[in-house]
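Please find below a note on the model under review. The points are numbered and may be read alongside the coordinates.

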Amino acid sequence: MTKKLAVARFWFEGNAFAPLPTDLAAFQGREWAKGEAALTGARGAATELAAVAEFAETRPDWVVTCLRCASANPGGPIDDAVFEGLRDELVGDLAHGGWDAVYLSLHGAAITPRRPAPELELLRAVRDAVGAIPIAASFDLHANLNPRLAQLLDFATGYRTYPHVDMRETAGRALAQLERIAAGEIRPVGEIVNTGLLLGSFNMRTDAGPMAALQAAARAHEASPILDVSVFGGFPYADTPDCGASVMVYADGNRVVAAEAAGELAAAIRARAPEFAPALVSPKEGLRRALAAPTGVVALTDPADNPYSGGAADTPELFRALVALSPRAPTVFAYFCDPDVVDTAWRASVGTHLSLMLGAKRTAAFGRPVEVDADVLRLTQGEFRNVGPMERGLTVAAGRTAVLGVRDIRVIVTERVVPANDPAFFALHGIDLARTRLLCVKAKNHFRAAFQDRCAAIIDVDCPGPAAADLRTLPFRNAKP
């Protein structure tokens, strides 16, 4: 007998301190699709929808229908009308009935101006629309989880890697268990414990350190009747009452066991919390260390303005230090998002000399603009396809872009905010890493997925920004740093 699976996606990480709100255009610029179009390009990629495509192709007894699939790059709160439209559209599509199961690809750290927990509201609406049929979800490792989510979901699981190179595998786990629930093989019950601890993600990579130990402990708990254990680092910059590291456990028919395991791992998070404290250096010291490092490209990352933490690629302090140092070495600065500067460069054309102000166009809260004389070196249409390993196969549209020459520094400027975590971003702009000495990037840990082995060293520097390492520098209203 053929079964019907409904799939929907709402993937967004909100930063309450970001200077730009997130509107419908931000979703349309990254992912806003349904039906077969939602799976176009997903097959073989390293994303959740690639797992959905594989499920559809290998399960002839299931009919898979993609309802609204939406994602936007991390940024400021989502316009409430955009969220309400997505919620109402999804509920309307689900209300047609006849579904045997629902899979939701979620992030877990979305915010709107009026809603600190839109995923919780969305799940309540979905549950009301479909009744008792099984619902499974996947979450980002940086989700801020409200414990009530576990009562709305029949099964859920989270990313286990940071950088997030297991999006596809995570969705695959959710779909596999959802299939078992629909067949009556298992009856999972879930428990979530949110510690309320605001942990910096600088030391949250899963290759080593405290999160690696916590993930290992989670795997050790996965023995019958426990089906899945997920550890979440949380996302403090959302600034909501649900911010905090948490544990989610699903067990087959045994809530007591699930609760005990969640409690044990929550205690382990509390014990290891001091190990997550960051130790970053100033931009000036970072540049000094970079130039003293062994031969090869050395990356300096500015995590406070990381686009995948809600940064707007606008803060100027690392660039200011770089210009002041004026290193006599091939240097790349990636990047500023400034549509006006890009338009000026395009109007002027390659080879033109310009006087420009760079940085601090969205807000002056994190520093003043930097005045430079620059040559227009390269212009692009700004579209590339990730080569991975993170989000491999995803098409990224940065809008028009320009590469400017400021003495020995090549400065990339884009029309749209996008992550600069993939080698294809640099290839698009004619950057030969083998000929680059300093690579200054608005990025954090995701950057390491593709560049750890390409760089002689990677140095994180401490700058002002909407995702600053020192949470005390930001005007929190709801969470407690």
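**Aromatic pairs, strands and cavities**

1. Across the whole structure, a search finds 17 aromatic pairs; rings of Phe, Tyr and Trp (its six-membered ring) pair if their centres lie within 6.5 Å, and planes under 30 degrees apart count as stacked, over 60 as edge-to-face and the rest as tilted. The model is predicted: local features need pLDDT of at least 70 and side-chain atom pairs count only at pLDDT 80 or more, while totals for chains, interfaces and linings use all residues. Residues are numbered from 1 along each chain as its sequence is written, and side-chain values use heavy atoms, with hydrogens and water left out.

2. The pair of Phe12 and Phe27 is tilted, because the ring centres are 6.1 Å apart and the planes stand at 45 degrees. Phe12 lies in the loop between β1 (3-11) and α1 (24-28) and Phe27 in helix α1, so the pair ties together parts that are 15 residues apart in sequence. Helices (H or I, at least four residues) and strands (E, at least two) are DSSP runs, numbered from the N terminus. Both Phe12 and Phe27 are buried, where buried means under 20% relative accessible area, exposed over 50% and partly exposed in between (1.4 Å probe, protein chains only).

3. Phe319 and Phe336 form an edge-to-face pair, at 5.3 Å centre to centre and with 85 degrees between the planes. Since Phe319 belongs to helix α10 (residues 317-325) and Phe336 to strand β11 (residues 331-337), this pair ties together parts that are 17 residues apart in sequence. Phe319 is buried, with a relative accessible area of 0%; Phe336 is also buried, at 2%. One aromatic cluster is formed by Tyr335, Phe384, Phe425, Phe426, Phe447 and Phe451.

4. Seven bridges join β7 to strand β9 (residues 246-252) in the antiparallel sense, and Val189 stands opposite Ala251 in β9.

5. Which residues make up the covered face of strand β12 (residues 353-358)? They are Leu354, Leu356 and Leu358, whereas His353, Ser355 and Met357 form the uncovered face. In a regular strand the side chains alternate between the two faces of the sheet. β12 runs antiparallel to strand β13 (residues 370-380), joined by six bridges, and Ser355 has Asp373 as its bridge partner in β13.

6. The largest cavity holds about 150 Å³ of space. Its lining comprises 22 residues, of which Glu13, His142, Tyr308, Ser309 and His446 lie nearest its centre. On a 1 Å grid over the protein atoms alone, a cavity is a set of points where a 1.4 Å probe fits but cannot get out, and lining residues have an atom within 4 Å of a point. Grid points are joined across faces, edges and corners, and a volume is the space filled by probe spheres set on the points.

7. The second largest cavity has a volume of about 120 Å³. Helix α13 (residues 446-451) gives the most to its lining, with three residues.

Notes:
Pairing = 2+ DSSP bridges. 1 Å grid on protein atoms, 1.4 Å probe; cavity = no way out; pocket = protein on both sides within 12 Å on 5 of 7 lines; lining within 4 Å.
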